[in-house]
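The points below are meant for a colleague who is opening this structure for the first time. Please read them with the sequence and the 3D view side by side.

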Amino acid sequence: MTRHDWLVRQGRWRWPDVARLLVAALVPLVWVVYGAPAAAAMFLALGGAMAARFLDLPRRHDLACQVVLALSAWWAADGSYDRVRWLDLVAHAGSGAALALLVLRLLSQAPTRGAPLAAAERRRRVATTTLSVLALGVVWELGELAGHLWLDPAIHVTFADSLSDLVADGAGALVAAPVATRVSPAASGRSAAASAGSPRRS
């Protein structure tokens, strides 16, 4: 996909944008109802939703990422993780899968000509994606620790909790990445071909 094609596609309305508007509206709402730390988490979810837009994720992946990230932030805001302990692991696994789709989309920007990836290249992308998601997970856990120390002592941070969160992040990435690597190159090729072949409006 050329830069022009990308700009044309970015200028078009797509139905997952409705979800993006809802996530954006949740940021001030969460701030008013639950406070600044919860709003910061929802703002990060909005960042993930916008990244899905800019990376031109397939629509079903786009919407799935938004739903998972927004739900994870909302559950943190309304205290669901304190009421249902295992929900935190579900959210981390889902967020790991969502981030894996974003990382894989970045990796797939290299030209593939719509051809299936070789097995070795798929394995490399799965490994790179999983390690990237784990690195982002570490950054998130450090952010939680900083929030616990300097913003709100109620933010739950323990070594066991952080370690289990990272395991869930990695598990989500390991589930999503192998599946996505088998379908994303061909889908990307069809998407680019459709964009290049569509008529330009003056």
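1. A residue is called buried under 20% relative accessible area, exposed over 50%, and partly exposed in between, with a 1.4 Å probe and protein chains only. The model is predicted, with local features needing pLDDT of at least 70 and side-chain atom pairs counting only at pLDDT 80 or more, while totals for chains, interfaces and linings use all residues. Residues are numbered from 1 along each chain as its sequence is written, and side-chain values use heavy atoms, with hydrogens and water left out.

2. The chain has 8 helices and 0 strands, where helices (H or I, at least four residues) and strands (E, at least two) are DSSP runs numbered from the N terminus. Buried residues make up 40% of its 202 residues.

3. Arg20 deserves attention, since at 5% relative accessibility this residue counts as buried. Its side chain forms a salt bridge (a side-chain nitrogen of Lys or Arg within 4 Å of a carboxyl oxygen of Asp or Glu) with Asp17, the closest N and O atoms being 2.8 Å apart. Both residues lie in helix α2 (residues 17–34), 3 residues apart, which is about one turn of the helix, and Asp17 is likewise buried, at 5% relative accessibility.

4. Arg20 also meets Asp62 in a salt bridge (2.8 Å, N to O). Asp62 lies in helix α4 (residues 59–77) and Arg20 in helix α2, so the pair ties together parts that are 42 residues apart in sequence. Asp17, Arg20, Arg53 and Asp62 are linked in a network of salt bridges, and the structure holds 7 salt bridges.

5. Arg53 is also among the buried residues of α3, which include Ala38, Met42, Leu46 and Ala49.

6. In helix α7, Glu121 and Arg124 lie 3 residues apart, about one turn of the helix, and they form a salt bridge with the closest N and O atoms 2.7 Å apart. Glu121 is partly exposed, with a relative accessible area of 23%, and Arg124 is partly exposed at 44%.

7. Finally, Leu151 is located in the loop between α7 (119–150) and α8 (159–197), and this residue is exposed, with a relative accessible area of 67%.
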